[in-house]
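Please open the model in your viewer and keep the selection tool at hand. The tour below goes from stop to stop, saying what to select and what is found there.

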Amino acid sequence: MTPHKGASLSFQPRIRKGAFFDASWRYGCRAFSVYNRTYISSTFSTPLEEYRKVTEDVAIWPVMGERQVEISGPDAAGFVQFLTPRDMTGCMVGQCKYALITSVEGGILCDPIILRLAEDRFWLSTSDCDLELWARGVAVHSPMRVKIRDAGVSVIQVQGPKSPRLMANLFGESILDLKYFRLAFTDFQGQTLTVSRTGWSGEFGYEIYLGNPDQGDALFDALMQAGSDCGVAPGAVSQARRIEAGILSWGVDMSQDENPYEVGLDRLVELDGTREFIGRAALARLKGQRVKRRLVGMRIEGSALDPNEDPWPLTRNGEASGRLTSLAYSPRLETNVALGLVPAEQAIVGTELMAGTWDGPRKARVSELPFLPKRQQGDARELLASTGT
């Protein structure tokens with residue numbers, strides 16, 4: 001196997017660029033991928049530099065491909081509940097919930113964060129999947145009165161231990177009162193922005209949702225200026241940090257072929273009560289069955305490896321044993337860290353496997369997950385005090 005270094009991506013009019021594309025280009029991004037039919041920045045500098053920024057200072061990630069499927073109307077709350085095994089009855093206006101969207105068979109179709117903006121209006125902040133089309137298909141034969149559309153917003157993440165200082169510099173000290181998995185509205189140049197205390201980094205952070213694409217450049221520049229005393233830099237998601245934190249990537253570490261119990265997300269399946277949702281019968285049946293495979297963390301021996309482009313085979317005693325799904329080199333742990341699906345009997349910490357890699361088989365040892373804890377919760381003011389900002 002050989003990594004496809006030097007590969008390029010052609011820009012096409014049928015793929016959306018998002019509000020922050022031009023700013024990303026101005027700030028040096030030359031590597032893009034496609035996510036939800038939208039260009040998304042892959043890296044501005046190096047994985048090591050972006051890892052250091054998100055773990056020590058603050059990084060700005062223009063994540064235009066993170067689309068918001070808006071569900072609104074008189075029956076919006078009931079319809080959202082029908083889509084997910086997560087109990088949404090206690091979700092208040094201004095609250096966010098990490099949830100799964102499951103198939104009739106119990107497979108994972110998507111893992112959005114659900115934002116409740118009003119009593120009758122939700123955003124499903126989606127991973128790289130056809131969630132809008134799925135929701136529209138469900139609605140076709142539903143008696144519930146809902147409207148489903150792409151909300152047309154572009155998202156930019158502000159992540160890292162100094163993110164509260166940057167946000168306070170730009171939006172005022174009141175933003176520091178925003179709690180974990182809550183959202184608020186704030187003003188930027190006369191337009192209303194939605195801000196949530198969420199992110200995909202394993203670090204303290206925020207997501208900003210911009211509805212007016214003409215303000216993309218101005219908002220990006222304002223964030224960079226507001227973070228000038230915080231060591232701010234543009235970046236992309238740190239794969240190493242998200243693997244360390246045990247954050248899963250839909251379509252990579254899980255898909256419609258895996259169910260929540262196999263990948264350790266059974267906490268998101270709430271079967272109490274009589275709420276109906278797609279996949280309820282299958283998930284109730286699966287809960288009572290022995291899990292045949294599990295998602296685990298692994299440490300891969302040897303020198304630093306480039307991230308895998310495809311699932312890598314895992315073997316034990318020469319026999320096929322599952323697949324490695326995600327890999328990156330962790331600067332803090334000074335080893336390659338990975339996620340993979342293995343038979344349940346091999347999911348015991350310390351189990352030794354062999355992983356196929358770019359330069360041949362390497363020893364892989366099942367490890368505790370997460371490798372390093374998430375640092376997303378807590379109080380923003382206390383974090384600022386601890387970082388001296």
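Rings of Phe, Tyr and Trp (for Trp, its six-membered ring) pair if their centres lie within 6.5 Å, and planes under 30 degrees apart count as stacked, over 60 as edge-to-face and the rest as tilted. The model is predicted, so local features need pLDDT of at least 70 and side-chain atom pairs count only at pLDDT 80 or more, while totals for chains, interfaces and linings use all residues. Residues are numbered from 1 along each chain as its sequence is written, and side-chain values use heavy atoms, with hydrogens and water left out.

Begin by selecting Phe 11, Phe 21, Trp 25, Phe 32 and Tyr 39, which form one aromatic cluster. The count of aromatic pairs comes to 12. One of them joins Phe 11 and Phe 21, whose ring centres are 5.4 Å apart with planes at 85°, so the pair is edge-to-face. Phe 11 lies in the segment before helix H1 (21-26) and Phe 21 in helix H1, so the pair ties together parts that are 10 residues apart in sequence; helices (H or I, at least four residues) and strands (E, at least two) are DSSP runs, numbered from the N terminus.

A charge sits over a ring if NZ of Lys or CZ of Arg is within 6 Å of the ring centre and within 35 degrees of the ring normal. The charged end of Lys 17 sits over the ring of Phe 11, 5.7 Å from its centre, and that of Arg 30 sits over the ring of Trp 25, 3.7 Å from its centre.

Next, select residues 31-35 and 38-43, which are strands S1 and S2, pairing in the antiparallel sense over five bridges (two strands pair if DSSP finds at least two bridges between them). Val 34 stands opposite Tyr 39 in S2, and in this hairpin, with two residues between the strands, Asn 36 takes a positive phi near 55°.

Finally, go to Ser 196, which lies in strand S13 (residues 191-196). At 0% relative accessibility, Ser 196 counts as buried (under 20% relative accessible area, with exposed over 50% and partly exposed in between, for a 1.4 Å probe and protein chains only). Its side chain makes polar contacts with the side chains of Thr 198 (2.7 Å) and Tyr 209 (3.0 Å); such a contact is a pair of N or O atoms within 3.5 Å, where, within protein, one must be able to donate a hydrogen and the other to accept it, and residues adjacent in sequence count only if both atoms are side-chain atoms.
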